[in-house]
Amino acid sequence: GNHTLLREFILSGLSSRPELQHLLFFTICFIYSMTLIGNLLICMATAHPTLHTPMYFFLRVLSVLDISTASVVVPKMLVSTLSEDRSISYLGCVTQLYCVVFLASTEWYLLAAMAYDRYVAVCRPLRYPAIMSTRACLSMVLLSCCSGQVVSVVQTAWVFTLPFCGPRRIDYFFCDIPPLVLLSCADTSRYERQLVSATVLVIFTPFCLILLSYTCIISSILRISSAESRHKTFSTCSSHLTVVTLYCASGTLIYLQPKSSNSQEAKKVLALIYTTVIPTLNPLIYSLRNKEVKEVIIR
C-alpha cells in the first residue's frame, strides 16, 4: 500500500558541494574529450592495412566499447553537474542501466577473447592463421555481445522488478545496480545473492580463462632461450594484462557488496574510474607500449 509509481529518479551526482561543480565539470569534460580522441585514433590506426590482424581487430572493438561506455554515462553527468535539475526519467534510468551492464559485460568477454588470441599467437604460432581466422574473430565478438545482452537483460529485469517506495534519490551519478538496490523497500537478500552469482559469472569466469591463458603463455615464454625474444613476446601481452587488472579490481569492489552503504563514496570513485578513467587509459596503455600502433598514429 506504500508503494508509489515512480516517474523519475534524482541523481545526487559526484558531489553535493557547490564550489566543486565547475571544477568537476571541466575535469570530466577534459577526460571525456581525451577518451573520444584516444579511442578514435585507435580505431583509425587499427583500420590501417598494416594492422589487419586479430589482435588489432579486437583492440578496435574494445575502443568502440570504451567510447560507448563513456558516452552512456558522461554526457548526463556533465549536464547534472551544472544544472539544478538532476532528474532522470524512469525509462531513461532503465535504458542507462541496460547499456552500462551490456557494455561492461561484453567488454569482459572480449578481454577473454583477446587473451585467447595472445595464447594462440605465443603457444600455437604455426596454427595461428588457421585458428584465428576472420570468421573465428567475428564469432568471438558476436558471442561476447550475445553474452553481454543476456546478462544485461536479466540484471535490468531483476532490478526493476524490485518495489521502489519512499525516496527516489539515487546516491550516485548514473543508474547502476548497487544504488538502485538501496532504494528498494523489499528484502533484497535473494537478489544480492543472485548479483554475486552474476558477478562471478561475468567477471571471474572470463578472469579464470584469462589467467589460464597467461599461465600457458608465461610457461612458453620461459622456454624461449633468447632474452630479447622473451622480452618482445611478453611486451605484446603486458598491455592486455594491465587493462584486465584495472577492470577486475574496480568491477569486483563495486558489485560484490551492493548494499554496503558505508562505502558509497568509495564506490562512486571506483565507478568513475570504471566508466570514465579506464576508457581514457586504454588507448594510452596500448599505443604507448605498441611500436606498430605508434608508427601508424604518427603517420
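What follows is a chat about helix contacts, a pocket and cavities in a predicted model.

Student: What kind of model is this, and how are residues numbered?

Tutor: This is a predicted model, in which local features need pLDDT of at least 70 and side-chain atom pairs count only at pLDDT 80 or more, while totals for chains, interfaces and linings use all residues. Residues are numbered from 1 along each chain as its sequence is written, and side-chain values use heavy atoms, with hydrogens and water left out.

Student: OK, how do α2 and α5 cross?

Tutor: The axes of α2 (residues 54-82) and α5 come within 10 Å and cross at roughly 25°; axes here are lines fitted to C-alpha atoms, for helices over the stretch in contact, with angles running from 0 to 180 degrees between N-to-C directions. The two helices, α2 and α5, are therefore roughly parallel to each other, a label for angles under 35 degrees, whereas those over 145 count as roughly antiparallel, 65 to 115 as roughly perpendicular and the rest as oblique. Helices themselves are DSSP runs (H or I, at least four residues), numbered from the N terminus.

Student: Which residues make that contact?

Tutor: Pro-54, Phe-57, Phe-58 and Val-61 of α2 meet Cys-137, Leu-138, Met-140 and Val-141 of α5, where contact means heavy atoms within 4.5 Å. By class, the contact of α2 with α5 has eight nonpolar, no polar and no charged residues; Ala, Val, Leu, Ile, Met, Phe, Trp, Tyr, Cys and Pro count as nonpolar, Asp, Glu, Lys and Arg as charged, and the others, Gly among them, as polar.

Student: And how do α5 and α7 cross?

Tutor: Their axes, those of α5 and α7, come within 11 Å and cross at roughly 165°, which makes α5 roughly antiparallel to α7. On the α5 side the contact is made by Val-151, Val-154, Gln-155, Trp-158 and Val-159, and on the α7 side by Arg-190, Tyr-191, Gln-194, Leu-195, Ala-198 and Val-202. The residues of this contact of α5 with α7 comprise eight nonpolar, two polar and one charged.

Student: Switching topic, how many cavities are there?

Tutor: The structure holds four cavities of 30 Å³ or more. On a 1 Å grid over the protein atoms alone, a cavity is a set of points where a 1.4 Å probe fits but cannot get out, a pocket is an open set with protein on both sides within 12 Å along at least five of seven lines, and lining residues have an atom within 4 Å of a point. Grid points are joined across faces, edges and corners, and a volume is the space filled by probe spheres set on the points.

Student: What lines the largest cavity?

Tutor: The largest cavity, with a volume of about 170 Å³, is lined by 14 residues, of which Val-101, Ser-105, Val-151, Val-202 and Tyr-255 lie nearest its centre. α7 gives the most to this lining of the largest cavity, with five residues, and the lining divides into eleven nonpolar, three polar and no charged residues.

Student: What about the second largest cavity, how much space is in there?

Tutor: About 70 Å³ of space lies in the second largest cavity, and its lining includes Leu-11, Gln-21, Lys-76, Arg-86 and Phe-173. By class, the lining of the second largest cavity has five nonpolar, five polar and two charged residues.

Student: Last one, which helices line the second largest pocket?

Tutor: The second largest pocket holds about 310 Å³ of space, and α3 (90-123), α5 (134-160) and α7 (189-222) each supply at least two residues of its lining. The largest share of that pocket's lining, six residues, comes from α7.
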